[in-house]
Amino acid sequence: VPLLGLVAAKTAAFNLLPLPGSNGGFLLQALFERTALARRWPPQATQAALLLFLGSMLSWLLALAIYLGPLLV
């Protein structure tokens, strides 16, 4: 139960980061669409943020596989 609570808390905090695919990313998109900042945001910045998001998700999956590996054997 404590591990589940820790994972839930970390997932909730991760979801608020301003990365594509998370609620923080949707918040930034909504702010940019309502202001003039959308024209100044380069597409490369979106691609870099998406790569950062995918890399962090892969690291979470790797950590989960390492943690659960001995339990599944």
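L50 sits in helix α3, where helices (H or I, at least four residues) and strands (E, at least two) are DSSP runs numbered from the N terminus. Please keep in mind that this is a predicted model, in which local features need pLDDT of at least 70, side-chain atom pairs count only at pLDDT 80 or more, and totals for chains, interfaces and linings use all residues. Residues are numbered from 1 along each chain as its sequence is written, and side-chain values use heavy atoms, with hydrogens and water left out.

**Overall build**

- The chain has 3 helices and 0 strands, and the order from the N terminus is α-α-α.
- Its radius of gyration is 16 Å, well over the 11 Å that the globule rule gives for 73 residues, so the chain is more spread out than a compact globule. The radius is taken over C-alpha atoms, and the rule is 2.2 Å times the number of residues to the power 0.38.
- The C-alpha trace spans about 55 × 25 × 10 Å along its principal axes.
- Areas come from the Shrake-Rupley method with a 1.4 Å probe, and for residues only the protein chains shown count as cover.
- Of the 73 residues in the chain, 12% are buried. Here buried means under 20% relative accessible area, exposed means over 50%, and partly exposed is in between (1.4 Å probe, protein chains only).

**Helix α3**

- The 30 residues of α3 should span 44 Å at 1.5 Å a residue, and its end C-alpha atoms are 42 Å apart, which agrees. The expected span is 1.5 Å times one less than the number of residues.
- At I66 the helix α3 bends by about 30 degrees, with a proline, P70, following within four residues. The bend is the angle between axes fitted to the seven residues ending there and the seven starting there.
- A49, F53 and S56 are the buried residues of α3.
- L50 is partly exposed, at a relative accessible area of 39%.
- L50 and L71 are 21 residues apart along the chain, and their C-alpha atoms are separated by 32 Å.
- L72 is also found in α3; L72 and L50 are 22 residues apart in sequence and 31 Å apart in space, C-alpha to C-alpha.

**The nonpolar patch**

- L3, L6, V7, L58, W60, L61, L64, Y67, L68, L71 and L72 make a nonpolar surface patch of about 1,100 Å².
- Patch residues have over 30% relative accessible area and no salt bridge; like charges are joined within 9 Å, and nonpolar side chains (Val, Leu, Ile, Met, Phe, Trp, Tyr) within 5 Å. A salt bridge is a side-chain nitrogen of Lys or Arg within 4 Å of a carboxyl oxygen of Asp or Glu.
- Helices α1 (2–15) and α3 (43–72) each supply at least two residues of the patch, and the largest share, 8 residues, comes from α3.
- Y67, in helix α3, is partly exposed at 48% relative accessible area.
- L72 counts as exposed, at 74% relative accessibility.

**Helix α1**

- A13 lies in helix α1 and is partly exposed, with a relative accessible area of 48%.
- The C-alpha atoms of A13 and G24 are separated by 10.0 Å, and these residues are 11 apart along the chain.
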